[in-house]
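Biologist: I'd like to learn how to read a few features off a model like this one. Could we go through them together?

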Amino acid sequence: MQALYVLIPMAPLVGAILAGLFGKQLGRIPSAIATIIGVAIAFIGSVIVFNQTRAGMTFDGTLYQWANLGGLKLEVGFLIDNLTTMMMCVVTFVSLMVHIYTMGYMAEDPGYQRFFSYISLFTFSMLMLVMSNNFLQLFFGWEAVGLVSYLLIGFWYTRPTAIFANMKAFLVNRVGDFGFVLGIGLIYAFAGSLDYKEVFAQREALAAAMFPGTSWMLITTICICLFIGAMGKSAQVPLHVWLPDSMEGPTPISALIHAATMVTAGIFMVSRMSPLFELSDTALSFVLIIGSITALFMGFLGIIQNDIKRVVAYSTLSQLGYMTVALGVSAYPIAIFHLMTHAFFKALLFLGAGSVIMGMHHDQDIRNMGGLWKYMKITWITSLIGSLALIGTPFFSGFYSKDSIIEAVHASHIAGSGFAYFAVIAGVFVTAFYSFRMYFLVFHGKERWMQADHGVHDAHHAHAADDDHSHDEHHHGLGPHDVPHESPWVVTLPLILLAIPSVIIGFMAIGPMLYGEFFQHGAAFNQVIHVANEAHPAMEELSKEFAENGGAMGMALHSFTSLPFILALSGVLLSYFFYMVKPSIPTAIKEKTKFINTVLENKYYFDKFNETVLAGGARKIGEFLWNFGDAKIIDGFFVNGAARMVNVFAHAVSTFQSGLIYQYALAMIMGVVVFLGLFVTMMR
C-alpha cells in the first residue's frame, strides 16, 4: 500500500512538471489534461485509501530518511488515518473541480500552462502537508503551499496590485511562520524528536515542564507558538490582512487556496496537535478569543464590500473564525467537520462568483449587476445553494457543522466562552445579511449594467488599462447592447458537482464524524481528536443532545425554533427589504453612521497600522542603520577611514622621498642607530 500512498501526492507533481517545464511543447490543452489526470489519480487514490482507513487499515511509517544528525532524524513519512484521508479527499476533489473549471475560465490567458502547473504543484504541497507524520515534513508542506500561493496571487505579474498582494501575503505569513518554527524548535529541544508519535508519547512530561527562566508552562508556550503559525495560514486577527488582498489572483485560486486548502492548513494542524493543546487551558482560551474576534468582526466587513470576490473573501475569514472557535472549546471533530462542509460550499461560491464575472465581461462590482438569474440559471441556482449552506439553512451541509459549533460553545465552560457564544450567535445574523445582500444585488432586482458607469470602480483596479493580459478580472463591464451569458460547461459542471455535497454531505456525515468512531482511533495515538473529559465536556454533551433529538433529521427539524435559525432568517429578510424593497434605507444609514462606515471601509485600520507603525518603523530603523551603520561606520570609518589613513601615511612618507642623497644617508644612519638601540635594550 505504500506505493499507493506515494502515488497520491506524486501524480499532481508529475502533472505540474509536465505543464510547467514542457507546456510550450505540449500545447495548452494537453498541458491541462496532464494536470487534470494527475489530480484525478490523486482523488481516486484518496477515495480508495479513505475506504481502507474506514475499515481499520492505518499506517504510520517512514518512507525515506534524508539525514540523521546527532539523533535528529530528517525523514519523509506518512501518517494515514481517518483525519488524513478525509483531508486528502477534500483537497483532491476541490482541486479537481478547480482544474476543470480553469479550462474555461483561463481559456484566453497567455499564462494558461503556467497556471495549471502552479495549481497542480499546490495540490502536491497540500497533500504532503496533510499526510506528514513528522514536523519536518509538515513544515515543508507548510512553506511549499505558502510559496505557491505567492506565485498564484501574483500570477498576473504586470499588475502592480497583484505584486503588492502577493508580497503582503508572503510577509504576513512569515510572521506567523516565525512563531510556528519556534514551537517546533521547542518541541525538539524538550522532546528530542520531530516524529508525531514520539512527541505525543511525551505529552505528560511536556505538560509538567516549565519554560526555562520563567514561570510559563512549557506546553502553553509551545501551543501558542504553534497557533501563531496557524493564525498566519488560517488568516486569524491580526494576521488576516493578506487574505482579502489575495483576491487579486484569478478566481480559481480563490476557490482552491482560500476555501478548501491553504487557509484550512492551520485548522488541520491544531487538530492534529490536539493531544498537546488539550493539556493547556490557557492556550485553548487564546485560540477561542482570537477565533471569536475573527468570526464576528470580519463578518461586519463583508457588509460594506462591493467587489463580489471580496464579499466571499470576508465570508471565508469569518468562517475560519468559527472553525477556530470550535478548536478553542476542544470540539476538534466539529472544527474538521465545518472545514469539510465549508470547503464545498465556499469553493462553490467562489467559482460561482467567477462565473458571474465571466458573464458580466469581467465586471466585479455587484452594484452594476442585478437580474442575472434570467441569463445565468445554473450559476444562479448553484450560488443560491452555496448561500443557503453558508448561512446554516436547516438540512444544508453548513447547518449541521455551524449549528454544532454554536452548541459546542454554549456547552463549554472554558475562559472566554461567554464572549465566544455572543460572537458566533451574532455572526449568524451578520453572515445571512451580507450573503443575501450579495445574492439579491447580483441575481435579482433591476438590471443595472445597462446604466452602470464603468469608468468609476474600486481604486485597486484603476490600473486596468495598463495591463497587457487578454483575460483577466479587470472591470471592463458590459456595453449598452451586451447581455450577460451563462458560462461554458467546463465552468458550470464543477458548480453542479460542488452543489451536491453542499446540500447532502452534512446530513450524511454528522453522525459518524462527530458522534461515531470516525476520529477515535488513529495510527499515532489512541484518540486522535475526539476528546471528552470533565474539563472540556462540549463533545460529550453534544453527543447526548444529538441522540435525544433523533439524529440528523431531528436536529434539523428542532432547529426551526432555535435562535440561530431566527437570526439567519431575520438577516435574509432584512437584506431583502433593504436592497430589493427600500434601497434608500442603506444609503440613509450610511449617511447617519459615517464614522462606523469609515472604520469599516478602512478595515479597522489594520493595514494603516501595519504600514505606518510596523512598516514605517522598520523603514526608519533601516534608514538609521543605513545612515549611521552603513554610511558612517562601515563606509565612513572602516572603508573610507582606512583609505584616508593610507593617504595620510603616504603623504608623511613622501616627504622623505626628496631625491637628495644626503637625506637618504641621514635616514639610513638614523635607522642604524635606532636598530642598535633596540638590540642593546633586548640584550639586557
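**Reading the model**

Modeller: Helices (H or I, at least four residues) and strands (E, at least two) are DSSP runs, numbered from the N terminus. Before we go on: residues are numbered from 1 along each chain as its sequence is written, and side-chain values use heavy atoms, with hydrogens and water left out. This is a predicted model, where local features need pLDDT of at least 70 and side-chain atom pairs count only at pLDDT 80 or more, while totals for chains, interfaces and linings use all residues.

Biologist: Which residues make the nonpolar surface patch?

Modeller: Patch members have over 30% relative accessible area and no salt bridge; like charges are joined within 9 Å, nonpolar side chains (Val, Leu, Ile, Met, Phe, Trp, Tyr) within 5 Å. A salt bridge is a Lys or Arg side-chain nitrogen within 4 Å of an Asp or Glu carboxyl oxygen. Areas come from the Shrake-Rupley method with a 1.4 Å probe, and for residues only the protein chains shown count as cover. Here, Ile378, Ile496, Ile500, Ile504, Phe507, Met508, Met553, Leu557 and Phe560 make a patch of about 790 Å². Helix H20 (489–515) and helix H22 (551–558) are the elements giving two or more residues to it, and H20 has the largest share, with five.

Biologist: And what about the whole protein: how many helices and strands?

Modeller: There are 27 helices and two strands, and the C-alpha atoms fill a box of roughly 115 × 65 × 60 Å along the principal axes. The accessible surface is about 27800 Å², 70% of it belonging to carbon and sulfur atoms.

Biologist: Why does His362 count as buried?

Modeller: Buried means under 20% relative accessible area, exposed over 50%, partly exposed in between (1.4 Å probe, protein chains only). His362 counts as buried because its relative accessibility is 13%, whereas His361, at 27%, counts as partly exposed. Across the protein, buried residues make up 57% of the 684 residues.
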